[in-house]
Amino acid sequence: MAGIKKSTEAFRVDPAATAAFSALRSALPNLRPLDEDARALKAVVIGGGTGAPVSIRTLLSLGVQTSAVVAMADDGGSTGVLREEADVTPPGDIRKCLVAFAKDPADPLVRALKYRFAVARDHALGNLLLAALEDATGSFPEAIAICEKLVDAQGHVYPSTLDHVVLSAQTQDGRILDGQAVACHSKTALAQVWLSSEDGRPPRPYEPALQAIREADLIVLGPGSLFTSIIPNLLIPGVVEAIRASRGRVLFVCALADVQGETWGLTAREHFEALTAHGMEGLIDYMLVHSKVPLRAESPATGSFAAISGAELEHASTSDLNDDQLIKGVRPISISYADMLAIQSRGPIVISRNLVDAEQPTWHSPFALRDAFQNVIKLSRARRS
């Protein structure tokens, strides 16, 4: 028994928003599939962190050929230590996407890649493996390719740049913040972000990432941290141009809630406006937002979570909950009927659904998200024909 306790304390696994996808995986034989033409579509997910894997797993469940373009600005936690002390390309977000692409998420090797070691400064095994392989091969893309084989990845992961970049941000109250980890935990919402290379040159795009975008039939932005996971990809020269040159439709999956300071208090409309201010004006075809009630003229601003888990209610005091039974420190991203019309006046079709997972109210329901993605694919094909 002592040995079991010691092991439990030494190892932990990051909580992942894709954990609920195990239920989707077991239900797949009974779910309505896409037709052959739809399964031939190519999709690329642009993002990073914990959000991109959600879209990856959703698209894979539909049988769509999927790849991911991942931000390289991460400088916090295990990744930050490795960047500072070993001068490696940031591995953390790449590792999370590789795990999402794994053919068998329950495979012991795939699970081990998510392990963090309390005995080794909380490093994730997958981060250490990517860093070691980059050093051994002299190539970060080759390190990724080796890991893709190890997990039998069902798609490819591309860094948006191989340059070592630093993210800087300006908050809405005018403060300048340097570093992705600092920016995402800002005390006030961010207004804009920009990138700089450590060597002073403009960041150079990774060409295979641009090619994947240009060849995509569907380009999915998010979900995830708006300013520190999604937008950093758009700041790499050539990425927005590749989106514009693509034949694909662009879907923005808005996050469900603010759990960090970078978007604290921003509405869904303000999320959309932040994207357009960073190069995406006129390029977004669809925007998927959470609303537990239909958006109509008489509806108030919505965004409240539909449910909260029993365990969370049990451990939350009355002062921790508001009228919608939300845990203090988490704010749902709201959208009103007027905001929906304002967004649609600039081009996108807004699709509102109840997207919340019943057990984890800050996570997307895999079934609701899969159904929404399926409808977007049908709409895209109808508009193209």
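Author: One term is needed at the outset: a contact means heavy atoms within 4.5 Å. This is a predicted model, in which local features need pLDDT of at least 70 and side-chain atom pairs count only at pLDDT 80 or more, while totals for chains, interfaces and linings use all residues. Residues are numbered from 1 along each chain as its sequence is written, and side-chain values use heavy atoms, with hydrogens and water left out.

Reader: Among the contacts with a separation of 6 or more, what share comes from residues 24 or more positions apart?

Author: The count takes the contacts in the chain whose partners have a separation of 6 or more, and asks which of them join residues 24 or more positions apart. The share of these is 75%.

Reader: How many helices and strands are there in the chain?

Author: Helices (H or I, at least four residues) and strands (E, at least two) are DSSP runs, numbered from the N terminus. Counted in this way, the chain has 17 helices and 15 strands.

Reader: What percentage of the residues of the chain count as buried?

Author: Buried means under 20% relative accessible area, exposed means over 50%, and partly exposed lies in between, with a 1.4 Å probe and protein chains only. Of the 385 residues of the chain, the part that counts as buried is 53%.

Reader: Which elements do the buried residues of helix α9 pack against?

Author: Helix α9 covers residues 140–150, and its buried residues are Phe140, Ala143, Ile144, Cys147 and Glu148. Seen down the axis of α9, these fall within an arc of 140° (taken from the directions from the helix axis to the C-beta atoms), so they line one face of the helix. An α-helix has 3.6 residues a turn, so residues three or four places apart point the same way. The elements that the buried residues of α9 pack against are α6 (92–101), α8 (125–137) and β6 (155–159).

Reader: Which elements are included in what covers the buried residues of α11?

Author: In helix α11 (residues 207–214), the buried residues are Ala209, Leu210, Ala212 and Ile213. Seen down the axis of α11, they fall within an arc of 160°, so they line one face of the helix. The cover over them includes β2 (42–47), β3 (65–70), β6, β10 and α13 (239–245).

Reader: Leaving aside neighbours within four places in sequence, which residues is Leu221 in contact with?

Author: Leu221 has its place in strand β10 (residues 218–221), and it is buried, with a relative accessible area of 0%. Its C-alpha atom is separated by 9.4 Å from that of Gly51, 170 residues apart along the chain. Apart from neighbours within four places in sequence, Leu221 is in contact with Ile46, Ile230, Val250, Leu251, Phe252, Val253, Leu275 and Met280.

Reader: How far apart are the closest N and O atoms of Asp285 and Arg249?

Author: A salt bridge is a side-chain nitrogen of Lys or Arg within 4 Å of a carboxyl oxygen of Asp or Glu, and a search of the whole structure finds 11 of them. In one, Asp285 in the loop between α14 (268–280) and β13 (286–290) is linked with Arg249 in strand β11 (residues 249–253), 36 residues apart. Asp285 is buried, with a relative accessible area of 14%, and Arg249 is buried as well, at 19%. The closest N and O atoms of this salt bridge are separated by 3.5 Å.

Reader: Which residues are linked in a network of salt bridges that includes Arg346?

Author: Arg346 forms a salt bridge with Glu273, with the closest N and O atoms 3.9 Å apart, and another with Glu281, with the closest N and O atoms 2.6 Å apart. Arg346 lies in the loop between α16 and β15 and Glu281 in the loop between α14 and β13, so this pair ties together parts that are 65 residues apart in sequence. Arg346 is partly exposed, with a relative accessible area of 32%, and Glu281 is partly exposed at 42%. The residues of the network are Arg269, Glu273, Glu281, Asp339 and Arg346.

Reader: Which residue in β4 does Arg12 stand opposite?

Author: Two strands pair if DSSP finds at least two bridges between them, and three strands form an open antiparallel sheet in the order β1-β4-β5. Three bridges join β1 to strand β4 (residues 115–117), and the two run antiparallel. Opposite Arg12 stands Arg116.
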